[in-house]
Number of protein chains: 2
Amino acid sequence: FKCLRGWRNERYAVAGDALKGEGDLLHCERAAAGLLGIRAYGCHLNGYVRDPQTRQLKMWTARRSPTKQTYPSMLDNLVGGGLAAGVNPRENIIKECYEEAGMTADFVKSRLQDVGAVTFFLVDEDRGWVPTTEYTYDIELDSDFQPHAIDGEVANFMLLLPDEVLQHLRNGEFTPEAGLVTIDFLTRLGVVTAANEPDYLEILTRMHRSLSAPG
Amino acid sequence: FKCLRGWRNERYAVAGDALKGEGDLLHCERAAAGLLGIRAYGCHLNGYVRDPQTRQLKMWTARRSPTKQTYPSMLDNLVGGGLAAGVNPRENIIKECYEEAGMTADFVKSRLQDVGAVTFFLVDEDRGWVPTTEYTYDIELDSDFQPHAIDGEVANFMLLLPDEVLQHLRNGEFTPEAGLVTIDFLTRLGVVTAANEPDYLEILTRMHRSLSAPG
């Protein structure tokens, strides 16, 4: 199986019914989850800047390292990553903020905003069937902020105008997760609206799918 | 039929397939839509204030007039209303902002933000089966702002802390539409999170339902 070449040494869990006192029913290597159709969870962060004078919105976008196991060289959110079994989503994104963008925990905690989650069914030749939920976060950054990757998983960062982000989305340059998290951001910030997107309601519904897969 | 006592003289439309050049297939008096299971559309506005010093969030909440045909004396968003056939959602909310809260069109246009839509299936003894989509908008207001209703449909306005809003929600004091729009707001602003709400993902999915009803 192609997906197993990218072994992660990270465990995904299928949780039992907490109300019945059940613990986890199954743990599974992250790279193999798509073989079993197990739900995957992750956390993504939208980093954005508003010009102090004009209020013009810009969005930090990361280019993934060409050596990443999944989606090499594709575009990504400022920070993002999978959520291993038993890890709190907010604590996870705070940790990733340091590893992937050099932001300290204290800095992140003072600005990080929980903004929801997107849920979708990813079907990918390499990864298999991966019903996915991404917990989403926003962080507003100052105009002189500069991210830098500690762990080397990012090739470079770009600060893009909304129209540039939309063009990269249309070109299919974003990973599936980051693309959807970015579209959610652009709807919440009033860039993508009912007036400029004919499939507005359909998009809002389809990125909050009801999934029956175990997770 | 009980719902017909509240005749509105407002028409809801069932739209044809615009891609095939079809116009509206059916127009229906708004109060009767629930008899036929026709989708209803509306627009709701979350008005909020942040304390200039502490950044403490407060939310404007309206108490509906005791003489309203639907949900008299219940709690509502700062502004909200049904969307008649052929009306642009953003233009509609701008018009309602004046009628329901005394905000001029120029003022609203300079601050109004499109933030998405919630879609749910309302089943109500009085109104019937009403699959509903509410286009949602946010407006940040200054701390000295005071809304006043022009059309007399609001009994009074209250500026509430998030905890007070949550308590009113738990008490069932909000209309179904306003309650859901408020929950969406509280998730986007980071008040309701994965850490404090066990049904977080379920709520996010269920307020963006896929509906097959005509509308």
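Visitor: In which strand of chain A is A:Val123 found?
Guide: A:Val123 is found in strand β7 of chain A, where strands (E, at least two residues) and helices (H or I, at least four) are DSSP runs, numbered from the N terminus. This is a predicted model, in which local features need pLDDT of at least 70 and side-chain atom pairs count only at pLDDT 80 or more, while totals for chains, interfaces and linings use all residues. Residues are numbered from 1 along each chain as its sequence is written, chains are lettered from A in the order in which they are written, and side-chain values use heavy atoms, with hydrogens and water left out.

Visitor: Leaving aside neighbours within four places in sequence, which residues is A:Val123 in contact with?
Guide: Contact means heavy atoms within 4.5 Å; by that rule, and with those neighbours set aside, A:Val123 is in contact with A:Gly128 and A:Trp129.

Visitor: How is the size of an interface given?
Guide: It is often given as the accessible area lost when the parts come together; buried area is that loss, taken with a 1.4 Å probe and summed over both parts. Here chain A and chain B bury about 1800 Å² between them, 62% of it on carbon and sulfur atoms. Of the area that chain A buries against chain B, A:Asp114, A:Leu201 and A:His208 supply 27%, more than any other three residues.

Visitor: How many salt bridges are counted between chain A and chain B?
Guide: A salt bridge needs a side-chain nitrogen of Lys or Arg within 4 Å of a carboxyl oxygen of Asp or Glu, and the count between chain A and chain B is 0.

Visitor: Which element gives the largest share of the side of chain A that touches chain B?
Guide: That share, 5 residues, comes from β7(A), the strand in which A:Val123 is found.

Key:
Buried area is the accessible area (1.4 Å probe) that two parts lose on being put together, summed over both.
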